[in-house]
Amino acid sequence: MAPRDTTLFCLMLCLLQKIQAQEGELPIPKISAVPSSVISWNESVKIQCCGIPESYLYQLEILKNSTSTVVEKRWGFQKVAEFTIKHMDTNTAGRYQCQYRKARRWSKHSEALELVVTGLYDKPFLSSDQVLVVMPEENTSLQCGSAHIPLDRFLLTKEGAAALPQHQNGEHQGNFTLGPVTLSFSGNYRCYGWHSGSPYVWSAPSDALELVVTDTMNLDYTVENLIRMGMAGLVLMALLAILAENWHSNKVQHKGHLEDLPELTLSAQKSQTK
């Protein structure tokens, strides 16, 4: 290559590097599942990959055995691309990631999204050997177990909670300790079980178990206030009854007085005539 050509190539390379530095790195996309990342067997789920409006290509990949495989591509300028898995099963459960392309550059991959399919195994049982009505700051424990299926991983969930709170390892049973509890711990709990070799294939959820956290001191105050309000109401009703009776008595006396007036007038006239 001639010196002049080499100089021109270096200038073009420096210019390209300067342009890329000014543009900066593309924002990392965000991946999510709708309605949830925990899906019942054979149900559908939508995976959303959020990038930038200037991106014209989105790519969804599944991660298995340390390698990624392209599942689907979406073309067209859009900020959010949506991919649909129509039937969840053992083949579609796993870890997913996505990326997008702008001009000649690919963005970095998103964080991994874990899609779990439930219902492959029978539901475990959720129980407690303690009272399920507790006071704040106390501890309580729940047990999730599978009598006939050798599951060795268990998870406890609370209905309405944003995250899956507790994982537990064990043979046929997982023990979960909750506490010190607050009033927010009240609610229905369920658990799942799975084999450690298939972390994205879970059992059906257990039956719900309700935990009640109650502040008995506040409850006593409430009952006491209700009793006081009831007594005040009775006193008020008694006063109203006395006032009504007094008003009625005065009305009767006043009526009797008016009825006597004609007789007194007639007696007065007779006296004057005489």
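**Strands, sheets and surface in a predicted model**

Residues are numbered from 1 along each chain as its sequence is written, and side-chain values use heavy atoms, with hydrogens and water left out.

What does β1 pair with? Five bridges join β1 to strand β3 (residues 45-50), and the two run antiparallel. Ala33 has Ile47 as its bridge partner in β3. Strands count as paired if DSSP finds at least two bridges between them.

Elsewhere, three strands form an open sheet in the order β10-β12-β15, with antiparallel pairing. β10 (125-127) and β15 (173-178) are at the edges with a single partner strand each, so one side of each has no neighbour in the sheet. Strand β12 (residues 140-145) is joined to β15 by six bridges, and Cys144 has Gly174 as its bridge partner in β15.

As for the whole chain, there are two helices and 18 strands, taken as DSSP runs (H or I, at least four residues, for helices; E, at least two, for strands) and numbered from the N terminus. Of the 274 residues, 26% are buried, meaning under 20% relative accessible area with a 1.4 Å probe, protein chains only. Among contacts (heavy atoms within 4.5 Å) with a separation of 6 or more, 63% are between residues 24 or more positions apart.

How values were computed
This is a predicted model: local features need pLDDT of at least 70, side-chain atom pairs count only at pLDDT 80 or more; totals for chains, interfaces and linings use all residues. Buried means under 20% relative accessible area, exposed over 50%, partly exposed in between (1.4 Å probe, protein chains only).
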